[in-house]
Amino acid sequence: MKKTSFKILAALGCLLLSLIGTSQDTATQTSTLESRVYLDAYYSYDFAKPASHLKAPFLYNHNRHNEVNVNLALASLTYKGKTTRAALGLMTGTYAQYNLAAEPQVLQYVFEANAGVKLSSDKNLWMDIGIMPSHIGFESAISKDCWTLTRSVLAENSPYYETGARLSYTTKNEKWYAAALLLNGWQRITRVPGNNTPTFGTQLTYSPTDKLSLNWSTFIGNDKPDTARQWRYFNNLYAVWQLNKNWGLTLGFDYGLEQKQRVSSSFNKWYSPVAILRYESNHWAVAARAEYYSDKAGVIVPLVNTKPFQMQGYSINVDRKIGGNALWRMEWRMMHNSSPYFEQSGGFASTNHFVTASVVIDLVRK
């Protein structure tokens, strides 16, 4: 890491500690400071044997073939008070390398950096500003918090993080959560050069019980320079349902539209349904996933030989908890596209199989 990058990261850390030190609440017993060290190491073998050792270009997690690597190493601090809150997370790994490749080098090490203030003394109304986890989707870059080892194609090709301001409200009974966001763009820390178009997001979550959560998130904006502006409209819907003590079901659906050109009433579209069924008992868990992703025009997923991208995929994984802080995971995954897409020796194939093994260590201290 360059000295300049180190100095900026150190300044971010000092800023967070300063905020924590100067914003202690009167009711100090309600304040918490949580530290976390998280490591996700993996080995993945792609049976297509890509010469570049890099899997399909639409995968950003656990995407290196035939090598032991670190997907995500994260160190974070989270402060929660009665009227203020803040979070800072610094990271490295192949997730950061590939998913934040478009950001300046120093910012590729930042997982999150945000601060929030409560705007009402009697209502749960907050304003948060900074680099934050995305308001879109039921999966994150933290593999341990997801039912499957690798992320769905739906998750890999929608924002994992966002930068901007978020106004959020949670009802007293915590059944409803609503948020409105002003963002720098579609998974952006820094804006696209030449882009000055406002970008918006919304989120609405309803949790009638602790066993069921229903979510609708949106994105509206332009992710190109103003001179080539193409409005994008995106919807993400999902339901997470704990059927009983052992069984859980997640259903998700993404649907997006983007103008074909700057001044046009015609739109390219993409969509993706996904279903994940999970069984958990004691220290073991098994999850099966079925998914489909259609992006014929290559709005989100890069095309190969200009052929439409229409992919169906299946996976099954087994998890084993080790003590209270570690998790061993193993997954087999298959993807099939309507045309040859996946790099292999001598050309491209329509079908891709790979297996991935991962060990996760998650140390949290309050």
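How many residues line the largest pocket, and which of them lie nearest its centre?

Modeller: Happy to, and please keep in mind that this is a predicted model. The largest pocket is lined by 49 residues. Nearest its centre lie Lys 80, Glu 112, Pro 133, Ser 134 and Arg 166. Its volume comes to about 1,500 Å³. Sorted by class, its lining holds 23 nonpolar residues, 15 polar ones and eleven charged ones.

For context, here is the next pocket. The second largest pocket has a volume of about 340 Å³, and 19 residues line it. Tyr 60, Asn 99, Trp 186, Gln 187 and Arg 188 are the closest to its centre. In its lining there are ten nonpolar, four polar and five charged residues.

Now to the packing of the protein itself. The largest nonpolar core has 23 residues, and the members that touch the most others are Phe 58, Trp 270, Tyr 293, Phe 309, Met 335 and Tyr 341. Strand 7 (176-183) and strand 14 (309-322) each give this core at least two residues. Strand 7 makes the largest contribution, with three residues. Apart from this core there is another one, of 22 residues, including Leu 72, Ile 142, Tyr 161 and Val 360.

Leaving out residues up to four places away in sequence, Met 335 touches Phe 58, Leu 59, Val 153, Met 311, Gln 312, Gly 313, Phe 342, Ser 350, Thr 351, Asn 352 and Phe 354. Phe 58, one of these, is also among the core members with the most contacts to other members.

Strand 14 also holds Ser 315. Ser 315 counts as buried because its relative accessibility is 4%, and the cut-off for buried is under 20%. Beyond its neighbours within four places in sequence, Ser 315 is in contact with Ala 287, Ala 288, Arg 289, Glu 331, Trp 332 and Arg 333.

Two residues from that list bring us to the charged pairs. Side chains of opposite charge can pair when their charged atoms come close. The side chains of Glu 331 and Arg 289 do this in a salt bridge, at 3.6 Å from N to O. The pair ties together distant parts of the chain, as Glu 331 is in strand 15 (residues 326-337) and Arg 289 is in strand 13 (residues 284-295), 42 residues apart. Glu 331 is classed as buried because its relative accessibility is 2%, and Arg 289 is classed as buried because its value is 3%. Through salt bridges with shared partners, Arg 289, Glu 291, Glu 331 and Arg 333 belong to one network.

Glu 67 and Arg 64 meet at 2.9 Å, N to O. Glu 67 is partly exposed at 22% relative accessibility, whereas Arg 64 is buried at 15%. Arg 278 pairs with Glu 280, with the closest N and O atoms 3.1 Å apart. Here Arg 278 is buried, with a relative accessible area of 16%, while Glu 280 is partly exposed at 24%.

How values were computed. Residues are numbered from 1 along each chain as its sequence is written. This is a predicted model: local features need pLDDT of at least 70, side-chain atom pairs count only at pLDDT 80 or more; totals for chains, interfaces and linings use all residues. Side-chain values use heavy atoms; hydrogens and water are left out. A nonpolar core is a set of buried Ala, Val, Leu, Ile, Met, Phe, Trp, Tyr and Cys residues joined through side-chain atoms within 4.5 Å. Buried means under 20% relative accessible area, exposed over 50%, partly exposed in between (1.4 Å probe, protein chains only). Helices (H or I, at least four residues) and strands (E, at least two) are DSSP runs, numbered from the N terminus. Contact means heavy atoms within 4.5 Å. On a 1 Å grid over the protein atoms alone, a cavity is a set of points where a 1.4 Å probe fits but cannot get out, and a pocket is an open set with protein on both sides within 12 Å along at least five of seven lines; lining residues have an atom within 4 Å of a point. Grid points are joined across faces, edges and corners, and a volume is the space filled by probe spheres set on the points. Ala, Val, Leu, Ile, Met, Phe, Trp, Tyr, Cys and Pro count as nonpolar, Asp, Glu, Lys and Arg as charged, and the others, Gly among them, as polar. A salt bridge is a side-chain nitrogen of Lys or Arg within 4 Å of a carboxyl oxygen of Asp or Glu.
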